[in-house]
Amino acid sequence: MVGSGPAGFYAASALLTSDLPVEVDLLERLPTPWGLVRLGVAPDHPNIKAVSRAFEKTAAQPGFRFFGNVEVGRDVTHDELRRLYDAVVYSVGAQTDRQLGIPGEELPGSWAATEFVAWYNGHPDFQELEFDLSHERAVVIGNGNVALDVARMLALTPEELAPTDTTDAAIAAINEAGIREILVVGRRGPVQAAWTPVEVGELGELGGADIVVDPAQLELDAASTAELEAAPPTVKRNVEHLREYATRTPTGKPRQIVLRFLASPVAILGDGKVEAIELVRNELVDGRAVATDERETIPCGIVFRSVGYRGVGLPGVPFDERAGTIPNEGGRVAPGLYAAGWIKRGPSGVIGTNKKDATETVGLLLEDARAGKLPSRGDGTLESLLAERGTEAVMYGGWEAIDRAEKAAGEPHGRPRIKLCSWDALLAAARDR
Ligand code: FAD
């Protein structure tokens, strides 16, 4: 199994609880497990992060081993894994962001949401980034839950941030930020937004930010009205929240989150850094956003692009560049080679979606095993290969040492943990078992 996010752990669990005698090695490029549960899910959502308790149970099963700090493509190749194991399951998630493809996207101050999320969550590859939050207006492009996470994190008060495991650097930066307005821009209308009611509802309960929705933004065309009538309850609840927000008058909280629909960025403007964003108003045609010729330039100092994550290909592993996934059927790439989670189906769905997804993949793996279709493996072990290369794998006990150190650091401050967020600190803590 390669990648220790939800998909990797759900797949491991399905294998270890099957009726075949199975051993699972779970390889992870970071010294820490849980994927986006640790490094994506917003720090002010500790209940969601608690899903890791289920993964801990899987890790305690006989036959399970964790190999952290082992990256496929860097420390071990795909071909080597194919020789060492009866079957390889890739559950490497979606490691990068989708591009907008507009001028100015690369200007300093234009960030992928992936980068900001990884930074405030303590991902060791992203701690050198410096986000200048001194500007009055930040713009978040996208209408999914990640866009709302970014907007909400920017709006949290010191009291709201203090009990979380947000990194200290991010807490300090957000507390000192000059941001007054966080403008969230969606290319389609309120009915088509991808976010979910809990996240939309939270926007109305922030201690330090008013939610602002212009009632005109919620006027629906005939097609959207019909779509809303036939929509699932979650979409109806989203729109109910928005309609209630449209009745509110700002109460003078230090920040405002402003929601704007049917608008797309056409350029990010500025002389050497972000100074403004140019938006075009859209109309919906057959559910698609189509640009009109009405344009508007909005001054802003920082832009977060939250238009989706994207899978990255691994050397030697089949990859569909357009979809950003490993081509598969139900998770089977070929007998002995499988995919699960975001790298299998693309970056959508909640954590639990990966359970069904990974179980489907493992079902096919077991079917191939029972039918004798798995290719035969060669000699050797991963441990000896890593030892030859001088790769210092972080085994599960090493992660438990990191976990203990982080929790002990957080405990006196009423925080779930204070994350170690440099490679050196993580590896040193892992050695201290
Ligand atoms: P990931 O969780 O990304 O795990 C992939 C793992 O593979 C990572 O640990 C990575 O380091 C590792 N890896 C990558 N490449 C290699 C390699 N070459 N070798 C070894 N290891 C490798 N869902 C919810 O239900 N609630 C939420 O509140 C929520 N919030 C979210 C917030 C954000 C910002 C994001 C992006 C997603 C959120 N989700 C949430 C969705 C949820 O996180 C995903 O559905 C889930 O994490 C996808 O699981 P995965 O295992 O496919 O990928």
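## Terms and model

Two strands are said to pair if DSSP finds at least two bridges between them. Strands (E, at least two residues) and helices (H or I, at least four residues) are DSSP runs, numbered from the N terminus. This is a predicted model, in which local features need pLDDT of at least 70 and side-chain atom pairs count only at pLDDT 80 or more, while totals for chains, interfaces and linings use all residues. Residues are numbered from 1 along each chain as its sequence is written, and side-chain values use heavy atoms, with hydrogens and water left out.

## The sheet with β15 and β16

β15 and β16 (residues 337-339) pair in the antiparallel sense over two bridges. Leu337 in β16 is the bridge partner of Ala334.

These strands belong to an open sheet of three strands with mixed pairing, ordered β3-β16-β15. At its edges are β3 (88-90) and β15 (332-334), each of which pairs on one side only. On average, neighbouring strands of this sheet are turned by 25° against each other, direction ignored; the axes behind such an angle are lines fitted to C-alpha atoms, for helices over the stretch in contact, and angles run from 0 to 180 degrees between N-to-C directions.

## The sheet with β11 and β12

Another open sheet has three strands in the order β10-β11-β12, with antiparallel pairing. Its edge strands are β10 (263-269) and β12, and each pairs on one side only. Here too, neighbouring strands are turned by 25° against each other on average, direction ignored.

Nine bridges join β11 (residues 276-285) to β12 (residues 288-299) in the antiparallel sense. Thr297 in β12 is the bridge partner of Glu278, and Leu279 stands opposite Glu296 in β12. The hairpin of β11 and β12 has two residues between the strands, and Asp286 takes a positive phi near 50° there.

## Around the ligand

The ligand has 32 residues around it, of which Ala7, Glu28, Leu36, Trp342 and Ile351 come nearest; a residue is near a molecule if one of its heavy atoms lies within 4 Å of it. By class, this shell has 17 nonpolar, 11 polar and four charged residues. Asp, Glu, Lys and Arg count as charged, Ala, Val, Leu, Ile, Met, Phe, Trp, Tyr, Cys and Pro as nonpolar, and the others, Gly among them, as polar. α1 (6-16) and α7 (145-155) each supply at least two residues of the shell. The ligand lies between domain 1 (6-95 + 311-394) and domain 2 (98-306), because both give residues to the shell; the domain bounds come from an automatic or database domain assignment.

A polar backbone atom of Arg29 is 3.1 Å from a nitrogen atom of the ligand. For an oxygen atom of the ligand, the distance to a polar backbone atom of Leu36 is 2.9 Å. A backbone N or O atom of Gly349 lies 3.5 Å from an oxygen atom of the ligand. The protein covers 93% of the 1000 Å² of accessible area that the ligand has on its own, with areas from the Shrake-Rupley method and a 1.4 Å probe.

Key
A polar contact is a pair of N or O atoms within 3.5 Å; within protein, one must be able to donate a hydrogen and the other to accept it, and residues adjacent in sequence count only if both atoms are side-chain atoms.
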